[in-house]
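Here is a short briefing on one protein model. Look over the sequence and structure first, then read the points below.

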Amino acid sequence: MTNPEFSDVISLEGVADTKNPCLPILAVPTTSGTAAEVTINYVITDEANHRKFVCVDPHDIPIVAFIDSDMMMGMPKKLAASTGMDAMTHAIEGLITKGAWEMTDMLHLKAIEIIGHSLEASVEGDQNGREKMALGQYIAGMGFSNVGLGLVHGMAHPLSAWYNIPHGVACAALLPTIMKYNKEYTGEKYREIALVLGIKGAAEMSLEDVRDAACGEIDRLSKAVGIPATISELGVKEADIPAIAEDALRDVCTPGNPRETTVEEIIALYQSLM
């Protein structure tokens, strides 16, 4: 309403060149979560073209967010798991994205610590777990909103658009594999992940071993909360992968990935998860 030149909605894709602040938004999240209540990002589904795209717009951020875990207690297990793994993906991708720096690293590492130690309890409906997840996803949002994300989100968006897969499920199914794909381009950051997750011996491990340990713990967590291990279980068809990969390469999140990628590599990553 305040930027009528974008009323078609589709033109908001990418960094939206809006001129005026949106109408005041008072945000009350009911999942933990997307962290939409504290970010400048929103996602639009273009059903006609099987696309799900990100808009980045500093004019759309809520003026106040009410983070109350009581509002999240009604989540069923599957929703708590998928949104929780989305929050973990935000924290990990925000930590290793090209734009990451010291301040956002602090936020993302704290979010990884909180989420890693509370997600399983949250999925079981534990009130303390839900409260900690409310905080963890909020902190992750404060981080990634300032630095962007990466290939997990770039590859997850078209899966959701093509097959109506819940966003958090798509992210969680991809995350361990993409972490392994990126590991040689992350310096010591996987060691930092392993340390905050409490992986025994992480400080003394070789860089290769600690990277594998961090990937392994995220894989364990994803499976522990019931996320499918393959995208074929989610209905993805082999014949669609080349077209989906093209969409993933064009996604606004993909350029933030620490490792440069190609459509051929994205195809291979999808195929490895079938």
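A nonpolar core is a set of buried Ala, Val, Leu, Ile, Met, Phe, Trp, Tyr and Cys residues joined through side-chain atoms within 4.5 Å. Buried means under 20% relative accessible area, exposed over 50%, and partly exposed in between (1.4 Å probe, protein chains only). This is a predicted model: local features need pLDDT of at least 70, side-chain atom pairs count only at pLDDT 80 or more, and totals for chains, interfaces and linings use all residues. Residues are numbered from 1 along each chain as its sequence is written, and side-chain values use heavy atoms, with hydrogens and water left out.

**Nonpolar cores**
- The largest nonpolar core has 66 residues. Met 85, Met 88, Met 155, Leu 159, Leu 174, Ile 193 and Tyr 270 touch the most other members.
- Helix α5 (residues 167-182) supplies the largest share of this core, 10 residues. Helices (H or I, at least four residues) and strands (E, at least two) are DSSP runs, numbered from the N terminus.
- A second, separate core has eight residues, including Ala 35, Val 54, Phe 144 and Cys 253.
- Beyond its neighbours within four places in sequence, Met 155 is in contact (heavy atoms within 4.5 Å) with Leu 174, Ile 178, Ala 248, Ile 266, Leu 269 and Tyr 270.

**Helix α8**
- In α8 (residues 241-250), the buried residues include Ile 241, Ile 244, Ala 245, Asp 247 and Ala 248.
- They sit on the same side of α8, because they cover an arc of only 160° around the axis. The arc is that of the directions from the helix axis to the C-beta atoms.
- Their cover includes α4 (151-163) and α9 (263-272).

- Strands β3 (residues 41-46) and β4 (residues 51-56) pair in the antiparallel sense over six bridges. Pairing requires at least two bridges found by DSSP.
- Thr 45 stands opposite Lys 52 in β4.
- Four residues lie between the strands, and His 50 takes a positive phi near 55°.

**Cysteines**
- The disulfide count is zero (a disulfide is a pair of cysteine sulfur atoms within 2.5 Å).
- The sulfur of Cys 215 is 16 Å from the closest cysteine sulfur, in Cys 171, too far for a bond. Cys 215 is buried, at 1% relative accessible area.
- For Cys 253, the closest cysteine sulfur is also in Cys 171, 8.7 Å away and too far for a bond. Cys 253 counts as buried at 9% relative accessibility.
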